[in-house]
Amino acid sequence: MTQQDPSPLSTHPDTPGQVPGATAERSPSRTIRPRISALLCLVGFLAVYLIAVCTPFGQRAENALFHSNGATPAWIYDWSGTAYDSPALPPLDDTAMPTLVVGMAVIVAVTLVRRRWWQGCAAAGVVMATLGVTEALSKVILPRPDLVGAHVSLIEPSFPSGHVAIPAGLALGAVLVASPRIRPYVTAAGMLWLAFTAGAVQATYHHRPSDVLGSTLLACACYGLAARLLPPAGAPGVTRRPRALPAVALALSAAGALVAGARDDSVTQSLVFAAAAFLCAALFWFTTAQGPAHTARRTRPAPG
C-alpha cells in the first residue's frame, strides 16, 4: 500500500492560494481617514476669504445683511449677552473664555481616565491651534480692505470668528478623545452646538457668514491634520454610527441654526444666517465622518 505525501503546493482550505507555512497578518496602518482632507479645508478657507472679503461684490453682499436695527430683533438677543445684564449662552459674549477653560479641562480629564495620551495631545493641539491661528489671522494677518466705501463699523476685521472657533475646536477635540461607543453622540452634540453658535453670532450682527465658515474650515483643517499625524496606536478606529443618527443630527442642527439665526425684521437675513450656520454643521459632520480603514494584509513564513 502506497502512502501519498501531501503536495507542497496544497493550500489551507480557509485561505485559498496561500503558501503553506505562511501566516497572514494585518500590517499596522492608520484606521481613520477624514472624508474632507486638511488641504481641502485650507483651500476652502482661502477661497472664502478671497471671495467674501477681498472682492467688492463679496463685501457688498455681506454688508447688505446689516441693517440699522442692530441686534435687538434677533430671537437669541435675550440670551446672547448683548442686552443689558442678560445671560449669555456659552460661548457668547463674556462666557467665551470660561467655556474654553472648562472644555480643555474636560478633554484633559477624559485623556487621563482613558489613558489615550496621543489622542489627548492631538485634541489639545486642535483646540489651541484653532484658537491661536484664528486670533492671529483675524487681528493681525488678514485685513478687511474697504473696497466699497462702507461705514466704519463694517470694516473692522472679523474673519475668522473667534466665538465660532471655540465650539468648533472643542467639539472636534472631544471627538478625538471620546471612546468609540459615545463618539457618534459627541459628534451630534458638537454639530448642534456649532450650528447654534454660528447662527447666534450672525443674528446679533457680531459676525458675517464668511466669518463663521472660515472658523469652521480652519478647525476642520486642524482636525484633519491631527488625524493624519496620529500614530497607528493612537489613531481612533472607524466607528459605526447608529443608522438614524446622522439624519437626526443634521435635522437638529438645522433646527438650531434656524432658531439661533432668526430675526424679526428680515426673513431673508434669517434664512441666510441659518444656511451658513447649517453649512458649518455639515462641514463638521463630513470632516469627522470616516472613510474605509487603511488595512493591508501581508504574508510571512510561520516559525519552524
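1. Pro91 lies in the loop between helix H2 (56–63) and helix H3 (96–114), where helices (H or I, at least four residues) and strands (E, at least two) are DSSP runs numbered from the N terminus. The peptide bond that leads from Pro90 into Pro91 is cis, with omega near 5 degrees. A cis peptide bond also joins Phe159 and Pro160, with omega about -10 degrees, and Pro160 is found in the loop between helix H4 (117–141) and helix H5 (162–177).

2. Please keep in mind that this is a predicted model, in which local features need pLDDT of at least 70 and side-chain atom pairs count only at pLDDT 80 or more, while totals for chains, interfaces and linings use all residues. Residues are numbered from 1 along each chain as its sequence is written, and side-chain values use heavy atoms, with hydrogens and water left out.

3. On confidence, pLDDT is the predictor's own confidence in each residue, from 0 to 100; its mean over the protein chain is 85, and 81% of the residues reach 70 or more. Over residues 1–19 the pLDDT stays under 50, and the model has seven contacts beyond four places in sequence for them, a contact being heavy atoms within 4.5 Å. Residues 291–299 also have pLDDT below 50, and this stretch has 24 contacts in the model beyond near neighbours in sequence. Where pLDDT is low, the predicted coordinates should not be read in detail.

4. As for the overall arrangement, the protein chain has nine helices and two strands, which follow the pattern β-α-α-α-α-α-α-α-α-α-β when read along the sequence. Of its 304 residues, 47% count as buried, which means under 20% relative accessible area, with exposed over 50% and partly exposed in between (1.4 Å probe, protein chains only). Among contacts with a separation of 6 or more, 82% are between residues 24 or more positions apart.

5. The loop between helix H6 (183–203) and helix H7 (209–229) holds Arg208, which is buried yet has no salt bridge, the nearest side chain of opposite charge being that of Glu62 at 4.2 Å. A salt bridge here requires a side-chain nitrogen of Lys or Arg within 4 Å of a carboxyl oxygen of Asp or Glu; for charge, Lys and Arg count as positive and Asp and Glu as negative, while His and the chain ends are not counted. The side chain of Arg208 does reach the backbone oxygen of Leu154 at 2.5 Å, and it makes a polar contact with the side chain of Ser158 at 3.2 Å. A polar contact is a pair of N or O atoms within 3.5 Å; within protein, one must be able to donate a hydrogen and the other to accept it, and residues adjacent in sequence count only if both atoms are side-chain atoms.

6. Thr204 is placed in the loop between H6 and H7 and counts as buried at 7% relative accessibility, with its side chain reaching the backbone oxygen of Ala200 at 2.8 Å. Tyr205, in the loop between H6 and H7, has a positive phi of about 65 degrees although it is not a glycine. Arg115, in the loop between H3 and H4, has a positive phi of about 60 degrees, and Arg115 counts as exposed at 62% relative accessibility.

7. With a disulfide taken as a pair of cysteine sulfur atoms within 2.5 Å, the count comes to zero. The sulfur of Cys41 is 5.0 Å from its closest cysteine sulfur, in Cys220, and therefore too far for a bond.
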